[in-house]
Amino acid sequence: MLYSNNELISGPGHHSVTISPDGTEMFLVYHIHTYPENPSGNRQVCIDRMEFDKEGNIFVIGPTMTPQRMPSC
């Protein structure tokens with residue numbers, strides 16, 4: 001399940017997973033409401049890195065609101 005624990009982020013969903021060109025990084029591509037205080041059909045795309053914790057659970061580093069480093073090649 002994709003959810004946000006940040007009040008500035010609303011409606012994350014409809015996600016897909018992709019990998020970096022060299023296959024060493026995973027990314028989640030999804031959308032959020034553009035205006036969290038007024039959720040509507042207006043959305044924006046987020047692309048954030050995915051990692052695993054010590055127990056093997058996947059977590060997403062994001063949503064990232066600033067430019068990120070390029071995927072590994």
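Author: Two strands count as paired if DSSP finds at least two bridges between them. The model discussed here is predicted.

Reader: What makes S2 and strand S3 a pair?

Author: S2 and S3, the latter covering residues 43–52, are joined over eight bridges in the antiparallel sense. The cut-off is at least two bridges, so the two strands pair.

Reader: Why is His33 called buried?

Author: His33 lies in strand S2. Its relative accessibility is 12%. Buried means under 20%, so His33 counts as buried.

Reader: What makes the pair of His33 and Arg43 a polar contact?

Author: The two side chains meet at 3.0 Å. The definition asks for N or O atoms within 3.5 Å, one able to donate a hydrogen and the other to accept it, so the pair is listed as a polar contact.

Reader: Which residues is His33 in contact with, leaving aside its neighbours within four places in sequence?

Author: They are Ser10, Gly11, Pro39, Ser40, Asn42 and Arg43.

Reader: Why is Ile9 called buried?

Author: Ile9 has a relative accessible area of 9%. That value is under 20%, so Ile9 is buried. Its place is in the segment before S1.

Reader: How far is the C-alpha atom of Ile9 from that of Arg69?

Author: The two C-alpha atoms are separated by 22 Å, and the residues are 60 apart along the chain.

Reader: What makes the largest nonpolar core a core, and which residues are in it?

Author: Its six residues are Ile9, Leu28, Tyr30, Ile32, Cys46 and Met50. A core of this kind is a set of buried nonpolar residues joined through side-chain atoms within 4.5 Å, and these six form such a set. S2 and S3 are the elements that give two or more residues to this core. S2 gives the most, with three residues.

Reader: Why is S2 described as mostly covered?

Author: Strand S2 spans residues 26–33, and six of its eight residues are buried. Each of those six is under 20% relative accessible area, so the strand is mostly covered.

Terms used
Residues numbered from 1 in each chain as written. Predicted model: local features only at pLDDT ≥ 70, side-chain atom pairs only at ≥ 80, totals over all residues. Heavy atoms only, no water. Buried < 20%, exposed > 50% of the residue type's maximum accessible area, 1.4 Å probe, protein only. Helix = DSSP H or I, 4+ residues; strand = E, 2+ residues; numbered from the N terminus. Contact = heavy atoms within 4.5 Å.
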